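Visitor: I'd like a close look at a single part of this one, please: the spot where the ligand sits. Could you walk me through what surrounds it?

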Amino acid sequence: MTDDTVTLEIAAPDDWHVHLRDDEMLSAVTPYTANVFRHAVVMPNITPPVTSTQAAAAYRARVLSAAGPDARHDFTPMMVLYLNEQIVVDDLLAGAADGVVFGAKYYPAGATTNSAAGGNDLLAFRPVLEAMAGAGIPLLVHAESTDPSLDIFDREADFIEKQLLPVVEQIPELRVTVEHISTRAGLDIVKDHPQVGGSITPHHLTCDRSDLLANGMRPHLYCKPVINSREERMAIAEAATSGNPSFFFGTDSAPHPLSKKEAEKVAAGIFNAPYALEVVAELFFELGCLDRLEGFVSHHGADHYGVERSPAKIRLTRRADTEIDPPEAMFTADGTEVRIFGADAARRWAWEAVS
Ligand code: NCD
Ligand code: ZN
């Protein structure tokens, strides 16, 4: 240990937004999440989408059996239904009452990977949303307009103004999460409404569109909503490090095979689960606010969702040297390569469970 080694203990973190997929990909990626995160809110955009309590329970069982031998003892996948016309309100309410279903996710049809089964108008789901509000079931939103006449970098703001704000104002009892915030418009609706929270990813915190486009186009940084300008990134970093309890960590880790990322039409999604915590720790270190890391990764989301804060702790250590060489790719059992985001931060940081 040198003098510049930094250590801190924080409550075990939660990932409030993750894609674990199915089959070989599920087996390969789930241990990375289960080893470090206590809760993982598992997105339902698999094929076919998870639209019933029965499907959610079956998917949860597959996730748990993929978690692997090193999973945290308290690893808890939290299952989400895919909001579309197949949802049956009574089934959603019963699934939530039984503790199987955590929330419902709205995807605008066509906005992102596996969103074809999504909706065209959020308010059209008003009866479901009102039932959710009554039962305390949160609505998770992919806030991105699909209007082809709109510039891609303006679509989060457009969706928020035209689709989300009316829902937030007309059904104020509904707890809402704006997922993977990419602009100030996303930050503002969270700041202005106490019932609205916002999840923030490692990549929207640390990259901007110049990283994506300026020095050779980087397909492994392509995700939805698309990483936006430097000004937006700095506002997001400011919100995440501000201590505002409405902002919390959701990795949006979204693995795709290399063949889909290095292609004529690049699949949207960044696989960051292996180093997500390290990336955020390094950012908070650089900004001189490591004392706020625990709030962002371990407390705020639990508070927003009314879940107990973790009594268990992990210890994070920042090395002064950067000699280790963390892998930048992962392979599934059938040999599919997936690139990993964040190896630079993983050179610096290590974590271990302490309780
Ligand atoms: C996600 C995926 O690959 O499932 N992709 C992404 O770019 N974030 C879907 C999503 O959350 O939008
Ligand atoms: Zn996602």
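Guide: Happy to. Start with the make-up of the shell around ligand 1: nine of its residues are polar, three are nonpolar and three are charged. Keep in mind that this is a predicted model, so treat every distance here as computed from predicted coordinates.

That shell counts 15 residues, and the ones that come nearest to ligand 1 are R21, N45, T112, K224 and D252. On T112, a polar side-chain atom sits 2.7 Å from an oxygen atom of ligand 1. On D252, an N or O atom of the side chain is 2.7 Å from a nitrogen atom of the ligand. As for how well wrapped the ligand is, on its own it has 310 Å² of accessible area, and the protein covers 100% of that. The space that ligand 1 takes up is also the largest cavity.

Zoom out, and here's the setting for that site. The protein chain is built with 13 strands and 13 helices. Its C-alpha trace spans about 60 × 45 × 40 Å along the principal axes. The radius of gyration of the chain is 19 Å, which agrees with a compact globule, because one with 355 residues would have a value near 20 Å.

Definitions and conventions. Residues numbered from 1 in each chain as written. Chains lettered and ligands numbered in written order. Predicted model: local features only at pLDDT ≥ 70, side-chain atom pairs only at ≥ 80, totals over all residues. Heavy atoms only, no water. Near = heavy atom within 4 Å. Polar contact = N/O pair within 3.5 Å; in protein donor to acceptor, adjacent residues only side chain to side chain. Areas by Shrake-Rupley, 256 points an atom, 1.4 Å probe, with all protein chains shown as cover. 1 Å grid on protein atoms, 1.4 Å probe; cavity = no way out; pocket = protein on both sides within 12 Å on 5 of 7 lines; lining within 4 Å. Sits in = over half its atoms within 2 Å of the grid points. Nonpolar A, V, L, I, M, F, W, Y, C, P; charged D, E, K, R; others polar. Helix = DSSP H or I, 4+ residues; strand = E, 2+ residues; numbered from the N terminus. Rg over C-alpha atoms; globule rule 2.2 N^0.38 Å.
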